Protein chains: 2
Amino acid sequence: MSKAVQINIEGQVGELLKRNNLSVTDSRKKILQLFLEQEGALAHGDIEKRAGEKFDRVTVYRTLQTFVDKGIIHTIPTADNSIRYALCKDECSAGHHHDHHIHFVCNNCSNTFCLDDVVTPEINLPKGYSASHVEVVVEGICKNCKLT
Amino acid sequence: MSKAVQINIEGQVGELLKRNNLSVTDSRKKILQLFLEQEGALAHGDIEKRAGEKFDRVTVYRTLQTFVDKGIIHTIPTADNSIRYALCKDECSAGHHHDHHIHFVCNNCSNTFCLDDVVTPEINLPKGYSASHVEVVVEGICKNCKLT
DNA sequence: TTTATTTTGCAACTATGTTGCTTTTATCTA
DNA sequence: TAGATAAAAGCAACATAGTTGCAAAATAAA
């Protein structure tokens, strides 16, 4: 990553935290930075590793929970029972997530992506059922891994 | 449950195990019976509790894994990071699951149901992505919990 | 019924997630 | 900018979830 982009991300991080009424701390800056630098989603374990063993495990848990609560990141359930986290788009706010896109898990690189342009389909439920949220996770091969 | 139905289920259980080349043991019978008696899906914890503390935790893990491998049950990922298990329809076989239905998690009773009649929709993926499996989990209120 | 194979239970271990409390850090205000 | 106040981090201890190796027990086969 170029120096210019690096500086830009550092600027974004402080902004984003303040906009959500969060005090700006080292761990929050570092973890948020990881998300901004990263194309796909991150699991808790990834973050612990990539934060350079600088922060306590508990801090990572609490930071992620705070970010979810504030609508900065959202969770993605996957078949292997390991929750992934990814940045929300701007429409999300504290206590109110508005992510209607689908998620894609690559069977090759095992990265998880938000496909922001693919909205969740309407599901025709049987009589008596009513939906409040629809989660779609597609498994397959991502565009970086496809055979050309 | 009536006596007649009970006997019928016990019969099914042995059949189902033999058909899948599994030796018929107490724990397999008991756990499979739980699934047959149950409308919704079961989490690992449910099974441990409802098997009456008769079996070792490890046995439950291994039995569930065996059933998944043989195509007797399938897993359902949920947002709270607790995998649920449910019976497969007959089309599934060892190493080859064919479940194309969607799953429904009730926010009231927190039961999980397979909606076998609702097939997973076609998803239009961006260029470069290819899908091998689509998982749809709908949250909301189930037909047993709806206000009438 | 005996033998061979599979499965279970146990013990120990690793990983994952949570809670209470003290110390440290960030923010607010004078 | 320094001190007061509020928030977050770190630590320790704990709770839960999941795994592995191995000996004992149960099942299936001969």
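The surface near DNA strand C draws at least two residues from each of helix H3 (44–50) and H4 of chain A, and of helix H2 (26–37) and H4 of chain B. Here helices (H or I, at least four residues) and strands (E, at least two) are DSSP runs numbered from the N terminus. The model is predicted: local features need pLDDT of at least 70, side-chain atom pairs count only at pLDDT 80 or more, and totals for chains, interfaces and linings use all residues. Residues are numbered from 1 along each chain as its sequence is written, while chains are lettered from A and ligands numbered from 1 in the order in which they are written.

In total, 22 residues surround DNA strand C, and the closest are A:Ser23, A:Val24, B:Thr25, B:Ser27 and B:Thr59; a residue counts as near a molecule or strand if its C-beta atom, placed from the backbone, lies within 6 Å of it. H4(B) contributes the largest share of this surface, 4 residues. By class, the surface near DNA strand C comprises 7 nonpolar, 10 polar and 5 charged residues. In this classification Ala, Val, Leu, Ile, Met, Phe, Trp, Tyr, Cys and Pro count as nonpolar, Asp, Glu, Lys and Arg as charged, and the others, Gly among them, as polar.

DNA strand D is surrounded by 20 residues, of which the closest are A:Thr25, A:Ser27, A:Thr59, B:Ser23 and B:Val24. Two or more residues of this surface come from each of helix H2 (26–37) and helix H4 (57–69) of chain A and helix H3 (44–50) and helix H4 (57–70) of chain B. H4(A) gives the most, with 4 residues. The surface near DNA strand D has 6 nonpolar, 10 polar and 4 charged residues.

Within chain A, the axes of H2(A) and H4(A) come within 10 Å and cross at roughly 70°. H2(A) is therefore roughly perpendicular to H4(A). Axes are lines fitted to C-alpha atoms, for helices over the stretch in contact, with angles from 0 to 180 degrees between N-to-C directions; angles under 35 degrees count as roughly parallel, over 145 as roughly antiparallel, 65 to 115 as roughly perpendicular and the rest as oblique. In the contact between these helices, A:Ser27, A:Arg28 and A:Ile31 of H2(A) meet A:Thr59, A:Val60 and A:Thr63 of H4(A), where contact requires C-beta atoms, placed from the backbone, within 7 Å. The residues involved are 2 nonpolar, 3 polar and 1 charged.

Chain A also holds an open sheet of 3 strands in the order S1-S3-S2, with antiparallel pairing; two strands pair if DSSP finds at least two bridges between them. Strand S1 (42–43) and strand S2 (73–76) are the edge strands, each pairing on one side only. S1(A) is joined to strand S3 (residues 84–87) by 2 bridges, with A:Ala43 partnered by A:Arg84 and A:Leu42 opposite A:Tyr85. S2(A) and S3(A) are linked by 4 bridges, and A:Ile73 has A:Leu87 as its bridge partner.

The contact between the chains takes 34 residues from chain A and 34 residues from chain B. On the side of chain A, strand S4 (101–106), strand S5 (112–119) and strand S6 (130–141) each supply at least two residues, and the largest share, 12 residues, comes from S6(A). This side of chain A divides into 19 nonpolar, 10 polar and 5 charged residues. S6(A) runs antiparallel to strand S6 (residues 130–141) of chain B, to which 11 bridges join it; A:Ala131 stands opposite B:Gly140 in S6(B).

Technical notes:
Contact = placed C-beta atoms within 7 Å.
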